[in-house]
Amino acid sequence: MTREPAAVVFDLDGVLVDTEPAWDAVRRGLAAADGVPWPPGATQAMMGLNTQEWSAYLADVVGLRGDAASAAARTIAGLRSVYRTDLTAKPDAVAAIRRMGALAPLGIASSSPRILIETVVDVLGVTDLFSVVVSTEEVGVGKPAPDGYLEACRRLGADPAASIAVEDSGSGIRAAAAAGMLVVAVPDSFTRAAPATLTLAHAVLDSLADLDAELAIDLMSRRFPGQPDGLSSSPDTPDARI
């Protein structure tokens, strides 16, 4: 008997869409417009942070004019404009969503504001395929904390240990691992997860083209050997490399 995952939860930026460079460009553009230099390490420091966290960083550390709320509003407005006119989906992203949707309920757990997540799934034409969308701005703390993934699983009614997370960045991989999920990493050249972080993943793929039912069922079988219903009191550690 096959062992299908209870749910599959995708990250958004860097996994389904190539938007990380847009985030960086918009934020740097705001700093340039305000006449402040871009601090070394700022791009990496904000990866995975939720809206409250990265907007405070822009106001307090980068030094944008105005407060955190202003920094958030300006950034989101800039990104919505880019998404509506020049959104680039990752290769095989929509097909991978459909493959996983035929296997299990789908969710998104992203550090992006909800309005940007909804813009992306609308532009991609996959809104109806996701049962749950969680922005980490809704849970109070961003990645690498597990809160966003745990909330997505809670809303889906899915056991995190029997669910798959699809991630690209170091902070996202750590978040999904901390949630106890089966982690599939699809490394992105912009986010560049460290090799040590990739060891937390149960599978490391070259692209979403490799994310299919066979892989998902194999990961479930490795985690729950001899448990056709996917129930086990002792899930494995990340030692399966695909």
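Predicted model: local features only at pLDDT ≥ 70, side-chain atom pairs only at ≥ 80, totals over all residues.
**Exercise 1. At what angle do helix H4 and helix H6 cross, and which residues make the contact?**

Step 1. Two packed helices are described by the angle between their axes and the distance between the axes. Begin, then, with these two values: the axes of H4 (residues 68–86) and H6 (residues 114–124) come within 10 Å and cross at roughly 0°.

Step 2. Angles under 35 degrees count as roughly parallel, and therefore H4 and H6 are roughly parallel to each other.

Step 3. On the side of H4, the contact is made by Ile 76, Leu 79, Arg 80, Tyr 83 and Arg 84, while H6 brings Ile 115, Leu 116, Thr 119, Val 120, Asp 122 and Val 123.

Step 4. Sorting the residues of this contact by class gives seven nonpolar, one polar and three charged residues.

**Exercise 2. At what angle do the axes of helix H3 and H4 cross, and which residues meet?**

Step 1. The axes of H3 (residues 51–62) and H4 come within 8 Å, and they cross at roughly 105°.

Step 2. Angles of 65 to 115 degrees count as roughly perpendicular, so H3 is roughly perpendicular to H4.

Step 3. From H3, the residues Thr 51, Trp 54, Ser 55, Ala 56, Leu 58 and Ala 59 meet Ala 68, Ala 71, Ala 72, Thr 75 and Ile 76 of H4.

Step 4. By class, the contact of H3 with H4 consists of eight nonpolar and three polar residues, with no charged residues.

**Exercise 3. How many cavities of 30 Å³ or more does a search of the whole structure find, and which residues lie nearest the centre of the largest cavity?**

Step 1. The search finds two cavities of 30 Å³ or more. The largest cavity has a volume of about 190 Å³, and the second largest cavity has a volume of about 30 Å³.

Step 2. The lining of the largest cavity is made of 18 residues, and those nearest its centre are Asp 13, Glu 20, Met 47, Gly 48 and Ser 111. Its lining comprises five nonpolar, six polar and seven charged residues.

Step 3. Helix H1 (20–33) and H8 each supply at least two residues of the lining of the largest cavity, and H1 gives the most, with three residues.

Step 4. The second largest cavity is lined by Glu 20, Trp 23, Asp 24, Arg 27, Thr 43, Met 47 and Phe 190. H1 again gives the most to this lining, with four residues, and the classes are three nonpolar, one polar and three charged residues.

**Exercise 4. Which residues of helix H7 and of helix H8 are buried, and against which elements do they pack?**

Step 1. In H7 (147–156), the buried residues are Gly 148, Tyr 149, Glu 151, Ala 152, Cys 153 and Leu 156. They pack against S1, strand S2 (106–110), strand S3 (132–135), S4 and H8.

Step 2. In H8 (residues 170–178), the buried residues are Gly 170, Ser 171, Gly 172, Ile 173, Ala 175 and Ala 176. Their partners are H7, strand S4 (164–167), strand S5 (182–185) and helix H9 (195–198).

Step 3. Look finally at what comes after each helix: H7 is followed by Gly 157, with a positive phi near 70°, and H8 is followed by Gly 180, with a positive phi near 85°.

**Exercise 5. Are Ala 93, Thr 19 and Asp 92 buried or partly exposed?**

Step 1. The cut-off needed here is that buried means under 20% relative accessible area. Ala 93 has a relative accessibility of 1% and therefore counts as buried. Ala 93 lies in helix H5 (residues 93–101), and, leaving out residues up to four places away in sequence, Ala 93 touches Leu 16 and Leu 208.

Step 2. Thr 19 is in the loop between strand S1 (8–10) and H1, and because its relative accessibility is 2%, Thr 19 also counts as buried. When residues up to four places away in sequence are not counted, Thr 19 touches Asp 13, Gly 14, Tyr 83 and Leu 87.

Step 3. Asp 92, in the loop between H4 and H5, has a relative accessible area of 31% and is therefore partly exposed. The phi of Asp 92 is near 70°, a positive value in a residue other than glycine.

**Exercise 6. Where is Pro 144, and what is the peptide bond from Lys 143 to Pro 144?**

Step 1. Pro 144 is placed in the loop between S3 and H7.

Step 2. The peptide bond that runs from Lys 143 to Pro 144 has omega near 20° and is cis.

Key:
Residues numbered from 1 in each chain as written. Heavy atoms only, no water. Buried < 20%, exposed > 50% of the residue type's maximum accessible area, 1.4 Å probe, protein only. Contact = heavy atoms within 4.5 Å. Axes fitted to C-alpha atoms, helices over the stretch in contact; angles between N-to-C directions. Parallel < 35°, antiparallel > 145°, perpendicular 65-115°, else oblique. Nonpolar A, V, L, I, M, F, W, Y, C, P; charged D, E, K, R; others polar. 1 Å grid on protein atoms, 1.4 Å probe; cavity = no way out; pocket = protein on both sides within 12 Å on 5 of 7 lines; lining within 4 Å. Points joined across faces, edges and corners; volume = space filled by probe spheres on them.
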